[in-house]
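Hi,

Here is the structure I promised to pass on. Have a look at it first, then read my notes below.

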Amino acid sequence: MSARRLSTGGRVDRSQTLSFKWEGRDYSGYAGDTLASALMANNQRLVGRSFKYHRPRGIMSAGVEESGAIVSIGEGARHEPNVRATTQQLFDGLVARGQNAWPSVGFDMGAVTGLFSRFFAAGFYYKTFMGIPPFEWGSGTGIWMQYEKLIRKAAGMGDAPSAPDPDSYEHAHDHCDVLVVGSGPAGLNAAVSAARAGLDVILVEQDFELGGDFLNQPDAEAEIKRTNLIALIKAVNVRIMTRTTAFGLYEYGVAGLLEQVTDHMASGSEHLPRQRFWTVRAKSTVLATGALERSIAFGNNDRPGVMTVAAAGVYLNRYGVLAGEKIAIATNNDSVYQTAGDLSRADATVSIFDARKEVSHALGEAAERDGITVQLAMAPMNVLGSKTVSGLSLAIANGDDWKAGGTRSCDLVLVSGGWSPVASLLSHRGGKLSWDSENACFVPNTFSDRIHMAGSAAGVWNLDDCEVSGMVAGAAAVKDFGKSAPSMSAPMVGGWENPIRPLYEIKVAGEKLKSFVDPQHDVTAADVRLAHREGFVSVEHLKRYTTLGMANDQGKMGNIIGLALMAEALGKEIPEVGTTTFRPPYTPVSIGALCGRNSGSHFRPLRRTPMHDWNLDHGATMTDAGLWQRPWYFARDGETITEAYIREATTTRSAVGLCDVTSLGKIAVQGPDATEFLNRVYTNPFAKLPIGKARYGIMLRDDGLVMDDGTTWRLSETEYFMTTTTAHAGKVMVWLEELLQVRWPDLKVHVTSVSDQWAGCAVAGPKSRACLAACVEDPAVMENDVLPFMGVIETTLKGGTPCRIARISFSGEMAFEVYVPSDYAPAMMQILWDEAQPLQGCLYGTEALGTLRIEKGHVTGAELDGRVNIDDAGLGKMASDKKSYVGDTLRKRPEMLREDRPRLVGIFPKDRQQTFNGGALLCKADTVSGFGEGWITGVTHSPELGHWIGIGFVSGGHEAWAGQTLVAADPLRKGNVDVEVVSPHMVDPGGERMHG
Amino acid sequence: MIRIPCPFCGERDHSEFSYGGDATIEYPALDASIANWHDAVFQRQNICGMQFETWQHLNGCRMWLVVERDTMSHEIRSVRPAHTGMAKALEDET
Ligand SMILES: [Zn+2]
């Protein structure tokens, strides 16, 4: 028997028993417990196996710095690995197990890897992957792959669930004047000071209870103070967020918070997210994030039953659990004496081994009064026992060194190597720390940018001083707002009666000790020295070579020891070696919280056209086109997609087809200089475009490559209606705005995106005019002389729907685009469909649209991919030489004029029965390797030609390859197909159909 | 996260904006030489410290802005509309 729950004391509610499962067995704890305190109350000391060596591990702390009690929580899809038992609030029905152990943490087959630990020393992975002896023998072979798999399996950090995450997560945003991080004695006082001055204050606390170190005090006085302060902050409307960690601090007072909303509940509520990811913008920030107690490196300092002194105090005073009965405390500072007294009063036998040669009489006498034996100039050397602690062998000071000094039996070893202020958040902002040799820790420098450190995070050790420090920080925050605040002097850094004796590792000549620096990543003192011997002496190299501080505790306890050992090896002082920069997150943030609601179908926005439902009602199968959903094909009576699109394309070429083209970008270009503007933007002339006419235009980027194409309709002297491709709608809008606002502010033009205001339908095919004539109120407007090729009219559909019609063609047939205000979209579709059916017309989707445009060699976003110039696209005729336009100059640079640039071509299979794939590379028949001579951007079956065709690019264009056979190389899917390249205008090259 | 004070909308997260480029580039006339256009399009300084850059308030008023920002600290010293007429109109209003 060693750890046990006391019958009184602590903050747990003994009237509320909570049942939980640990390693498949039933246990119970109390409301107010963490999983760690409940395990300890049940004397479960062995709670996991280490990452690399599978060494038995127990609870080492009582907070976020935990590196031993890393466990898995939950079952099935809700199984979560790498949870700190020390911060997991206990709930009824909690299921937990240890990690990295099979079949159980008590008997772990993987522990045999510990026997080979000499192979797993620092740099093992690097050496293995680089193929350095003795492992290079298998590098790159099948054996090596198997062997790597085994290592990966042995060295792990729990198992990730394979099922999708069933929980929901939220993103939330807030603003405040002052953000106070930490609700201990400093944080509570800072919040009161700031809020009393009328400031809007948010107080965040990672724990489920407010109070910080107040919660760990044995006396009633601390609890009274705590309750009073909480009443005060509520009275001044401080907004309180518990179970919320400020994991990162960014520029402009932006803080990232993670709120664990239901992690403490057996079953999350269906109305609550599991976690909330907050972005809070604070004008000032107070960091009252506390300090963490450090360990010391000595032999077997990772055994279950070795923990920090403060942790034992927390388990006793907060949870009513006595962690051991025969306790050896090793220290180098004053902070342990109070806890030692508390433990002794709880009937434990306590001995203190203080590394210092002398301490004040007062300290020694007080300890003696509590029945504690204090031995000076002694330090821990090696822990005895394997799965539990059975004793401690000690070291005695021998000058500045240590020599073996006998053995004491004990069941708990508590260690304090000093305290480190938690300055991670300040470090995120680039705040610097200075080494304070008097207190053997890094303390934050003052930081100008409205960030104020308070309490032990500022290196202030005593609780009363921390309260004052909080008030000072609160007042400083108030002054940030130009308000007056009481002037108080900040408490000095430190506060111990006797100086600390810096102590990071106990080395005794002749003793081979396994002394851990970073237990979670199994990094030992020997590993740090190995890194030094091999030349990895900079802190950043040390970290990467040994993986020190790279486990999910981010080296909260171990980094300073590693730094100190490297300093010793280099013969330097710690500040000369440096400190590593902390980066967000302070504690792990789940991927789910980062995603928030942006998962599954909400991963990105979904855009539906206003005739979406109408399309579905008429048999559309939809496909994604960027963010848009567009009709893909309209299958009839069990048709396959291929059968459907071939029928749709054939019907469109022979009768009439209707296609939803709403996703095209639409921009209203208005103003007295609109014509001049368009004339500069497009490569072809727009200066003389008459009212009531449309023109196909190409726009280039500054560098001479094609940006986009589309038609622009002149509606009046000063108004144009521009359409863009679906893919580039947003980009073109931004580009036009940039030109008008940044480059040509003298032009009087306004551009407005009207993509969502107008719904569009293409009406294509030889019977398209007949179809439309039946749909408009005045059929005469559809006559060839009123609406010739590229003509535009504004008219009304039957029933009075206002519409814009242009006679333009993407399909190569006689065709029109009809636009109506979006709300009329279903009505327009119905009117058009009612008239198309008697003409044996059809609805067609993007697949048939692709067929029609590939047959004609019309380009889309697949061709205009940002690497193509206007000549490459076969549209060189569209480039005016009578005016200047954007991209005019650089499209003529030498690289753009090379004869062998890839040019747009059509592609036929040599054997017309064969098919081939988009994405294939076009290679010379004798060189099917490398990047080839070109590529294929789209393929389709051409009903018009009766075989498969493609569109793509080939070096020099089709003329350069006339009569030659190329290979469409697609080794991963179809294999190689012999093809010939032809003019991209594969159907009706003269364009007679659309002009007719 | 940078916060950018839009002269029209007020201070907003930088995620509402999209970055343009170097605001000090003077684009030559459309028919200027290849050498002039080459320099305007491809030659950029890599400034450590304060620089003028364009941003667009994409998910706000859509105004193009000239932002004076320290590339080391993200400190923003000034923000103004890129369009001089808009800058003047806003000034006149206040
Ligand atoms: Zn704005």
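**What is packed inside**

The largest nonpolar core has 53 residues, and those with the most contacts inside it are A:L179, A:V204, A:L257, A:L287, A:Y504 and A:I574. A nonpolar core here is a set of buried Ala, Val, Leu, Ile, Met, Phe, Trp, Tyr and Cys residues joined through side-chain atoms within 4.5 Å. Buried means under 20% relative accessible area, exposed means over 50%, and partly exposed is in between (1.4 Å probe, protein chains only). Helix α13 of chain A (residues 559-570) gives the most to this core, with 7 residues. Helices (H or I, at least four residues) and strands (E, at least two) are DSSP runs, numbered from the N terminus. There is also a second, separate core of 52 residues, which includes A:L35, A:I59, A:V321 and A:L412. In soluble globular proteins, nonpolar side chains tend to be buried together.

A contact means heavy atoms within 4.5 Å.

Residues are numbered from 1 along each chain as its sequence is written, chains are lettered from A and ligands numbered from 1 in the order in which they are written, and side-chain values use heavy atoms, with hydrogens and water left out.

Chain A has a mean pLDDT (the predictor's confidence in each residue, from 0 to 100) of 93, and 94% of its residues reach 70 or more. Over residues 131-137 of chain A, though, pLDDT stays under 50, and the model has 8 contacts for them beyond four places in sequence. Where pLDDT is low, the predicted coordinates should not be read in detail.

**A buried arginine**

Is A:R274 buried or exposed? A:R274 counts as buried because its relative accessibility is 12%. You'll find A:R274 in the loop between β13 (254-260) and β14 (275-287) of chain A. Its side chain makes a polar contact of 2.4 Å with that of A:E80. A polar contact is a pair of N or O atoms within 3.5 Å; within protein, one must be able to donate a hydrogen and the other to accept it, and residues adjacent in sequence count only if both atoms are side-chain atoms. Including A:E80, the residues that A:R274 touches beyond four places in sequence also take in A:D167, A:Y169 and A:E259.

The peptide bond from A:P584 to A:P585 is cis, with omega near 0 degrees. A:P585 sits in the loop between α14 (574-577) and α15 (591-595) of chain A. A:E23 is not a glycine, yet has a positive phi of about 55 degrees, and lies in the loop between β2 (13-22) and β3 (25-31) of chain A. A:N43, in the loop between α1 (35-41) and β4 (48-49) of chain A, has a positive phi near 55 degrees. A:N43 counts as partly exposed because its relative accessibility is 27%.

**Chain B**

Chain B has 2 helices and 6 strands, running β-β-β-α-β-β-β-α from the N terminus. Of its 94 residues, 38% count as buried.

Cheers

Notes
Predicted model: local features only at pLDDT ≥ 70, side-chain atom pairs only at ≥ 80, totals over all residues.
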